[in-house]
Amino acid sequence: MRLARQWTSGLVLAGCLVWPRLSLAAQGGRTAPVSSGNAGAFSDLVLVSADTPQARAGPRSVTLVIVPVPRELPRDAAVTYEAIPAGDIQFLGQRTGQVSGVGVERIVVLTVRVPAHTPAGRVVAGRVRFFVHGAPRVDVVCTVDVPWVSGASMVLERRLLAARPGERVVLHYRLTNTGNAPDMIEVGVTTPERWGKGVLAVTSAFHLLGGETTAEGDIVLAIPRDAATGSTWLPLVARNAARDLAQTTALLEIVDRETQPAAGVRLTTSLATVLRQKMPATPFFGLDFQGALTPNVRAFGRLVQAVNARPADARGLSQVGMFPGASIVTFEGPRWRFRGGNTGEAFSEITGVNLWGSGATFAHDGTRWTTAAILAKPRRFSAPTLGNGYMAGAQVGRFVGGGMVHGTAVAADDPQSGRRLEALGIGGVAPPLGSGWDLSGEIAARRFRGGSGFGWLAEAKQQNPDRLLLVRYSHAPGGSSAFAPARDLLVATVSDGVTPTLRFGASVWGSGDVTPTVEQLHSAGWSAGPQWWVKPRTLLELELHGNGFDATSASGVIGSSEVLARLGAMRQSGSFLASASVAGGQVSRSLTPPNGARNEVVAGRWLVRGSVGHSTAAGAFEASASYEQNGAGSGLLPRQSVLAIRAAAVPLPVGLWGATGAASVQRYDWFGSRPGVTVVRAGFRVPLPASLAFTLEAEHNPLFVSAAAGGWNVAIKLEYATVVAWMGLRAAARGSVYEDRNGNGRRDSGEPGLAGVLVRRGGESVVTDAAGRYRFLTRADEPARLDETSLAFGLIAAFDSSRSPDLAVLPTAPVTIRLVPTSDSGQAAPPPARAGGSLVTVRVQARDQAGNIWSTRPDSQGVATLHALPPGSYQIELDLSGLQTPLILRGPLPSFTVEAGGTVPTMVIPLFLRPVRMFDPNNPSRNRNQSGRQ
Amino acid sequence: MTYLRIVLVCSVLAACHTPVDCAPPPPPPASANLLGRWSYTATQNAPTPANLFGTLDITTQCGTTLTGSLDVTEVDAQGSRRRTGTLSGRIVDSVTVDFDVFLTTVGRRHVGALARDSIQGTWVEPLDLGSASGSFAAARMP
């Protein structure tokens, strides 16, 4: 070491000598005496050559070093040399020899190996000592220029995490700088686009790490409350300023809040009213419930009732989530649904649609039969009429040979609107044809107010991921006055993926109808155009569309049509979304008054729209603008612009967790045609103690013609939510996940539960709560099992054959074993490469009392680690058969015990070079003892 | 970004177009002054029945051109809701008025007959598939 320090201080001043620069370096070389082991003996004098051969080699590589014989040595004498390594860099192959020759450049070629962990920079590999009899010895120092190689490895504490919407999850990682120099490494996570960018709650993402050092860190994600359930990949990347160094992926499983142990039937009662200037307030009472009555029956319902008979401000109430007159109750199972209260049904265009009333509907989708039925009374929403009316109908279907047949019977009479229908129909769906075509049809005898006739409908459809073709036509005598959408209705649609980024779509429709107020009503529309995904998140589209109608009524013949061409673009970037479009065309309006002349106006029309939105955990924000310009006589205002900004779901800093607010401002301008108006809305929802919540929505809307037009309409709601412990909600299975610290397979006092562990059973997955408890609401025969990938480092699931609902997890401990090549004298031998070759071929095993084996291999330094051994007693075993140079054991291998929560000290096992022995046929037992395999 | 620029340029060009101002009023139809507040009721016959009632406010009348607002409550089988929108239209002749109400982005066209302080007529609104239609009546509020 003393010499090594002197080399580095005294000789690196000179130029380096590498093979291509041999002649240049030779001219500038010098020699410096630096050491004398014996000042009186000339041959003991050691000179150090200033010629420093240098090679360049990266970690984990082998290179050649050319060492010229120092010029100070006599040229006519044979020179003996010896390569002496220093540090970790090793000389491979022959390290001693003799160089001779006159008139030629005398060199020594050495092979050096640069280990993986060699730090970047100029590293001394060793020296070459030259000897000439009768002359001072000369040392030449060899250096290797090791470049910086960056690298990192990253390991997650848990590869699988589970949580519920609204919760936070912690991604705990271990980051190791596997490069050979200090590096600044950033760890980042990519969350799903739909979460927005504000999901990072806490991040310690930057680490300054030296080479071969490790750090730990956390990334905390706040899962949005509206996140969809299911599995989501979360890629983590460790990168420095130049490139990505390491990647890993966590799997986040978001489970349904309804399946958490605290679930129940959620019952919400509320009281709301609308406060307006000069108007008495009418309180409304609301009741909502949602939940499971039994593991297989879910129910939800809603009741809204005014406290008095005064008129309600339906708009204001709707802003706080109350809808007067829409009380319902629904029960549904896996294949059926019953709905009572305000309900409706739609069978087909010819057997009845828009059958809405107060009553009940039922639907069942079996594997062989389907059923749908309604029994209701038309809801009266106008002045007293001629009668109450009725709506009764049923449809029964049967799957036959891949197709289906169904029959329908309907009788409905709604005196209030004048609609009436008695229909009897039969129809079917043909088994799938070739090329993905489906054909269906139905015929029905229809009797309606003032007539009767046969209705029919036919549909042909071809649908696959790239193409949709649909043609559907229906003829329903009586039209909308007999519960049909129209008397005649044609729809044709085509959508085709021309290329993966280009899609073309077109559709056309037309209808004809007769109503009590319109004798003939013909309507038609069409659209066509391509959509081109220029980039994965950039859409460009062109659309041509038109629509119009001609209506003949007591007011005359009214005609209207519009044709527009629209060019639009949409771009999404992260949580930003921007869109813009421009459209131009013309509108046509005609009117032929009774006993008057037809007049028609055709005028141009332009529209420009644009919006930009940004959605984060801090809220959703949007700004939009539109402008349109219309020709005179078109019936539209000449010019109109709308500017709007909106914010929603904004967490409010009011010190109450979960308070959110929303606001919007819209400015309408008509450029002198009429006064502009500004509509302002604002509101908030604040959770209060005792499961209460208060909601306020205020609106200033000058478009209201009511007395409150100049002021504010304020709707308020106070609600109380509770979870009712319903008998049917008793868990079908419950249990816990705990840390079995003594490994006895039972949960003893002091053994804690584990939170955040994913437990599965059948198709249901749940997450343990803070106490380690879980609960399944659906019945299944199979036992619960925990997903081991959701356990943290150092924990493993215990094998359990008892089907106990309490799932044991065993804590483990790492065990380190160091293999040390040792000389016969008991001193540590030179590094492994020179004492038996690389130790990485050794297999290290730990066998427990049950015979289970944990296995690993040591690194090049002979260090083997068994990272997670559960509590128990173990015996170490070694397999040395893979060594190139035989090493042997002397003495028994150690045994050890792992205790829960304890540590095991590092064990050192010496390995001895096996002496070379001749085979002794007279002593076979001795030969066996020298076997390399232990 | 290139496409956004194209759209923005088109927007600017469109905005620079000469605005359509209130034209000099033609000879107004005799005694057709609709300015003021009207009580409005309407019935929807197709595709589903509904009733509407509220207030029609004609705020400007520039010659034969009308603008205003409509504030109604719509009641149908599924409940009730308040709807508001702007109005624009024209007086066709001494007995006919033709205007659109924009409860959505699509105009609901009304054609009615004037009789003293009342209007009665028919309305039609194009839908995505077919059209909605019905009748309406308005009476001038005192």
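Q: In what order do the four strands of the open, antiparallel sheet in chain A stand?
A: This is a predicted model, and here its chain A puts four strands side by side in an open sheet. Neighbours pair in the antiparallel sense, and the twist from one strand to the next averages 30°. Reading across, the order is β56-β55-β58-β60.

Q: Which strands of that sheet in chain A have one side left without a neighbour?
A: Look for strands with a single partner. A strand at the edge pairs with a single strand, so one of its sides is left without a neighbour in the sheet. In chain A that picks out β56 (853–856) and β60 (895–898).

Q: Which residue of β58(A) is the bridge partner of Ala846(A)?
A: Start with the strands: β55 (residues 843–848) and β58 (residues 872–879) of chain A run antiparallel and are joined by six bridges. Ala846(A) has its bridge partner in β58(A), and that partner is Ile876(A).

Q: How many bridges join β42 to β43 in chain A?
A: Strand β42 covers residues 639–651 and β43 covers residues 660–669, and the two run antiparallel. One spot to check by eye is Val642(A), which stands opposite Tyr668(A) in β43(A). The bridge count for β42 and β43 of chain A is nine.

Q: Which residue of β44(A) stands opposite Ala662(A)?
A: β43(A) also pairs with strand β44 (residues 677–688) of chain A, in the antiparallel sense and over nine bridges. Opposite Ala662(A), on the β44(A) side, stands Gly683(A).

Q: What percentage of the residues of chain B count as buried?
A: Being buried takes 20 or more other C-beta atoms within 10 Å of a residue's own. Chain A has 934 residues, and 30% of them pass that test. For the 142 residues of chain B, the figure is 50%.

Q: What pattern does chain B follow along its sequence?
A: Chain A has four helices and 61 strands. Chain B has one helix and eight strands. Read along the sequence, chain B goes α-β-β-β-β-β-β-β-β.

Q: Which strand of chain A gives the largest share of the side that touches chain B?
A: The contact takes 67 residues from chain A and 57 residues from chain B. By class, the chain A side has 35 nonpolar, 25 polar and seven charged residues. The largest share of that side, five residues, comes from residues 538–553 of chain A, which is strand β37.

Technical notes:
Residues numbered from 1 in each chain as written. Chains lettered and ligands numbered in written order. Predicted model: local features only at pLDDT ≥ 70, side-chain atom pairs only at ≥ 80, totals over all residues. Contact = placed C-beta atoms within 7 Å. Nonpolar A, V, L, I, M, F, W, Y, C, P; charged D, E, K, R; others polar. Pairing = 2+ DSSP bridges. Axes fitted to C-alpha atoms, helices over the stretch in contact; angles between N-to-C directions. Buried ≥ 20, exposed ≤ 12 C-beta atoms within 10 Å, placed from the backbone.
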